[in-house]
Structures are given as C-alpha cells and as structure tokens.
Amino acid sequence: MGKMIELTAGDGHKLAAYRAEPKGKPRGGLIVVQEIFGVNSHIKSVADGYAADGYLAIAPAFFDRVERGLDIGYTPADIERGRTFIPKMQWDKVMLDAGAALASVKSSGKVGIVGYCWGGTVSWVGATRLSGLAGSVCYYGGGIAGLIGEQPKSPVMFHWGETDHAIPVADAKKVAAAHLEAQSFFYPAGHGFNCDQRGSYHAESAKLARTRSLEFLGKHIG
C-alpha cells in the first residue's frame with residue numbers, strides 16, 4: 001500500500017520515510033513512530049493499517065541520523081543492537097524529523113502521532129514540544145517517566161503493559177497520576193504487546209488498545 005519517500009528536516013538533514021495513503025479523502029494525517037528496530041516490516045504494516053482506516057500515515061526513519069536504512073527484527077541480538085541507538089538520538093533533532101513528517105501530511109487535515117516502544121516516548125515528547133499536533137498516542141514508552149514533568153500541548157493517550165519487563169508498572173502509574181488530563185490504560189501484557197512479530201505479542205490487548213486508539217484519533221484528528 002505504501003512507498004518510501006524522502007523528507008528534509010529543518011536543519012537540512014534528509015531522511016527516509018514510509019508513506020501509506022488511504023483510499024479516498026484522508027480523515028487526517030498520522031505520524032507512526034518506530035520501535036528501536038527501524039522502519040521495518042512491522043512498522044510498515046502498522047502504517048498500512050492506519051491508512052486502511054482512512055489516515056494518511058507516514059513513518060519517518062528517525063535513526064537515519066545515525067545509520068541509514070536500519071531494518072532489523074526481534075532476535076536478542078537485534079534488540080541489543082537497537083538499544084544502542086537510543087543514547088545517540090537528540091530530542092531537538094528528533095523533533096525536527098517529526099516536524100518534517102508533520103509538514104508532509106498536514107495537507108490531509110489535522111495530524112496526530114502514534115508511537116511504540118522508543119516511539120512511544122517520541123510521541124510523548126511530540127505532545128509536549130512539537131507544535132501542530134492534534135493528539136498523541138503513546139504505547140509503552142520507556143523514557144516517558146523520565147520526562148514526567150513536561151506538559152502536553154494536545155490530548156494524549158497512554159497504553160501500558162502491566163507485566164512490562166522494561167518499564168516498571170510503578171513508573172507507568174506515576175505517569176498516569178501526574179497527567180490526569182491524559183487517558184491511561186493498563187493491559188495484562190508485557191513490553192511490545194502490540195507487535196505481532198514479537199514473542200510478547202498479546203492479541204487481545206493489542207486489539208483493545210487499537211480500538212481505543214482509533215476512537216481517540218476519530219475524536220481529535222477526524
């Protein structure tokens with residue numbers, strides 16, 4: 001359904017992005033933010049899914065600033081490799097790349113952002129620092145608790161796994177308590193429960209979270 005395109009960030013950096021277009025007039029735009037595994041087949045399928053729901057979806061290759069074309073799987077070695085990218089990313093540059101993605105789809109109407117794993121944290125930072133977003137959906141973002149003091153400029157929805165080995169549930173509950181303006185949901189699942197290519201995939205939780213996310217997007221994006 002989609003195709004790879006090139007974006008140019010505000011500082012001149014060029015990055016790849018996967019763009020999936022809906023049939024007919026878009027309901028709005030949606031930035032889909034990768035996990036630590038790059039814009040791989042799973043993230044492309046997520047973008048395709050949102051396009052099928054009527055959104056002009058774009059998944060920027062944020063890690064292009066460190067290594068172009070990263071596309072890895074979910075083996076233990078892949079996870080270790082993916083983790084090495086996190087400390088190399090700078091939030092000001094990440095927001096420039098997110099801003100480039102927003103600019104590329106804003107002709108479709110209001111624009112939201114949804115992110116998974118590292119991307120969940122990106123979605124939170126986008127909600128607090130990026131102008132022009134109409135809503136943010138954050139799936140199990142491990143860095144959110146460390147940025148708990150930031151204040152969102154637009155509506156936010158959080159999805160957390162109660163048995164997440166990477167994010168203590170106590171931290172997730174602190175985030176929920178600190179941001180009562182946001183919607184926070186907890187699921188009987190672990191980290192990465194939305195990804196059907198991971199061993200931690202939990203179909204029932206993934207389906208419920210997606211239903212809630214679509215309701216949220218329908219309300220705030222279109």
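Modeller: Two strands pair if DSSP finds at least two bridges between them. Strands (E, at least two residues) and helices (H or I, at least four) are DSSP runs, numbered from the N terminus. This is a predicted model, in which local features need pLDDT of at least 70 and side-chain atom pairs count only at pLDDT 80 or more, while totals for chains, interfaces and linings use all residues. Residues are numbered from 1 along each chain as its sequence is written, and side-chain values use heavy atoms, with hydrogens and water left out.

Biologist: What makes strand 3 and strand 5 a pair?

Modeller: Strand 3 (residues 28-33) and strand 5 are joined by five bridges, again parallel. The bridge partner of L30 in strand 5 is G112.

Biologist: Why is strand 5 called largely enclosed?

Modeller: Buried means under 20% relative accessible area, exposed over 50%, and partly exposed in between, with a 1.4 Å probe and protein chains only. Six of the six residues of strand 5 (residues 111-116) are buried, so the rest of the structure largely encloses the strand. V111, I113 and G115 point one way and G112, V114 and Y116 the other, and all are buried.

Biologist: What makes the phi of C117 worth a remark?

Modeller: Most residues other than glycine have a negative phi. C117 is not a glycine, yet its phi is positive, about 60 degrees. C117 is found in the loop between strand 5 and helix 4 (118-129). Its relative accessible area is 10%, so C117 is buried.

Biologist: Where is Y140, and why is it called buried?

Modeller: Y140 lies in the loop between strand 6 and strand 7 (156-161). Its relative accessibility is 0%, so Y140 counts as buried. Y140 also has a positive phi, near 30 degrees, and is a residue other than glycine.

Biologist: Why is L130 called buried?

Modeller: Its relative accessible area is 11%, so L130 is classed as buried. L130 lies in the loop between helix 4 and strand 6. Apart from residues up to four places away in sequence, L130 touches M95, A98, G99, L102, V125 and K153. L130 and L102 are 28 residues apart in sequence, with their C-alpha atoms 9.5 Å apart.

Biologist: How many helices and strands does the protein have, and why is it called as compact as a globular protein of that length?

Modeller: The protein has six helices and eight strands. The radius of gyration is taken over C-alpha atoms, and the globule rule is 2.2 Å times the number of residues to the power 0.38. For 222 residues the rule gives 17 Å and the protein has 16 Å, which is close, so the protein is as compact as a globular protein of that length. Buried residues make up 54% of the 222.

Notes:
Contact means heavy atoms within 4.5 Å.
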